[in-house]
Amino acid sequence: MFTISDIAHEAGVSRATVSNVINNKDCVKDETREKVLQVIQAHNYLPNAMARNLKSSRTNMIGVITEDITSFITPQIVDGIDAWCEEHDIFMLVQNLRVYQKYAYNLENYLTSKESLQRIVDMLVAHQVNGIIYIGDQYREVSDIIPKIQIPLLCVQCYAEGVSAIAIDNEEAAYQMTKYILEKGHTEIGVITGILKSSEMRMRGVIRALEERGLELEPQWIFQGEWTYQSGVYAAEKLLKLTKLPSAVFAFSDTMAAGLISAFQETGDQRLKEISVAGFDNHIAEYCTPRLTTIAAPFQELGYESAKMLERKIGGDEAVIRRYMPCKLVIRDSVNPK
């Protein structure tokens, strides 16, 4: 078996020099590096493609870290990254942090723990990836957990100080949905929010649309949710206790909207059944009854564009960019004219 010692002997260098070449260290002279690579290629110590990439400091590999692959948005984003990689002969190493399996929606515990992420980053760097894409599930700042690394890094559906990022435009999407609800004649609108920054951005869009009409959100019609079906059920239960009801409710996820609609249909209160409902995500909207008017987010395209952005950074673009991709209003049957 051909070893590092054999390479060192044949190339007339030390074992440390061979190790530095294999690990792409900058301390090796070009002439020496070429000599070592020729021996490596001659004896197939590494695949020829790997040896050539060592010479050019490109391995044609990127790392992808997901907060939780079970989140419905994440496979779409990863598929978009994979589509770009396939077109450009790039290999992708995917690692999953399993955040929601470990912490559910209590992300505060996760935000104070860097160990899992640091181990994964160290592993990817050891495998000589040229850059890393970090995919968040909820749009929020992740500066506290993102480690400092020497290779390009890009955030998707989250952001960190000094790091380029790409995400859907939550605020504009919520603005467009609220504007549509208003155009249908509804001026008394309730909302079911989610958690973290993505919910905050959507709330800004709602408020902007209302303020353009000289309207305000009634505090009693704002319901705090956690993106779950049960959150929609809880909101319906709270609405039952109110004397004055909104004519429409905008739920910040399709899952919460589905819970709300189901609870409305099960109650005997005709007032609730007359409330229009809108969602966000276009995740299960077609399977609701009535079919849900919602926002479709371009998660697959988001992944594709993130890979393009990372490639530019690998190529030397040092600009820190925040990019937001537009969503699409999908009109179905759940928002009726007032």
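In which helix is Lys 313 found? Lys 313 is found in helix α14, which covers residues 299-314.

## Basis of the report

The structure is a predicted model, in which local features need pLDDT of at least 70 and side-chain atom pairs count only at pLDDT 80 or more, while totals for chains, interfaces and linings use all residues. Residues are numbered from 1 along each chain as its sequence is written, and side-chain values use heavy atoms, with hydrogens and water left out.

## Overall architecture

The chain has 14 helices and twelve strands. These elements are DSSP runs numbered from the N terminus (helices: H or I, at least four residues; strands: E, at least two).

Along its principal axes, the C-alpha trace spans about 90 × 35 × 30 Å. The radius of gyration of the chain is 26 Å, whereas a compact globule of 338 residues would have a value near 20 Å. This radius is taken over C-alpha atoms, and the globule rule is 2.2 Å times the number of residues to the power 0.38.

Of the 338 residues in the chain, 51% are buried. Buried means under 20% relative accessible area, exposed means over 50%, and partly exposed lies in between (1.4 Å probe, protein chains only). Accessible areas come from the Shrake-Rupley method.

Lys 313 counts as buried because its relative accessibility is 16%. Lys 313 and Leu 154 are 159 residues apart in sequence, yet their C-alpha atoms are 8.7 Å apart in space.

## Salt bridges

Side chains of opposite charge can pair when their charged atoms come close. A salt bridge is defined here as a side-chain nitrogen of Lys or Arg within 4 Å of a carboxyl oxygen of Asp or Glu. By this rule, the count comes to nine.

Glu 171, Glu 172 and Arg 208 are linked in a network of salt bridges. The N to O distance is 3.5 Å for Glu 171 and Arg 208. Glu 171 lies in helix α9 (residues 170-183) and Arg 208 in helix α10 (residues 196-212), so this pair ties together parts that are 37 residues apart in sequence. For Glu 172 and Arg 208, the N to O distance is 3.0 Å; this pair also links helix α9 to helix α10, across 36 residues.

Arg 291 forms a salt bridge with Asp 333, the closest N and O atoms being 3.1 Å apart. The pair links distant parts of the chain, 42 residues apart: Arg 291 is in the loop between β9 (276-278) and β10 (294-296), and Asp 333 is in the segment after β12 (328-330). Arg 291 is partly exposed at 35% relative accessibility, as is Asp 333 at 38%.

## A negative surface patch

Asp 79, Asp 82, Glu 86 and Glu 87 gather in a patch of negative charge on the surface. Patches are made of residues with over 30% relative accessible area and no salt bridge, like charges being joined within 9 Å. Asp and Glu count as negative, and the place of the charge is taken as CG of Asp or CD of Glu.

Glu 86 lies in helix α5 (residues 73-87). Glu 86 counts as exposed because its relative accessibility is 66%.

How values were computed. Patches are made of residues with over 30% relative accessible area and no salt bridge: like charges are joined within 9 Å, nonpolar side chains (Val, Leu, Ile, Met, Phe, Trp, Tyr) within 5 Å. Accessible areas come from the Shrake-Rupley method with a 1.4 Å probe; for residues, only the protein chains shown count as cover.
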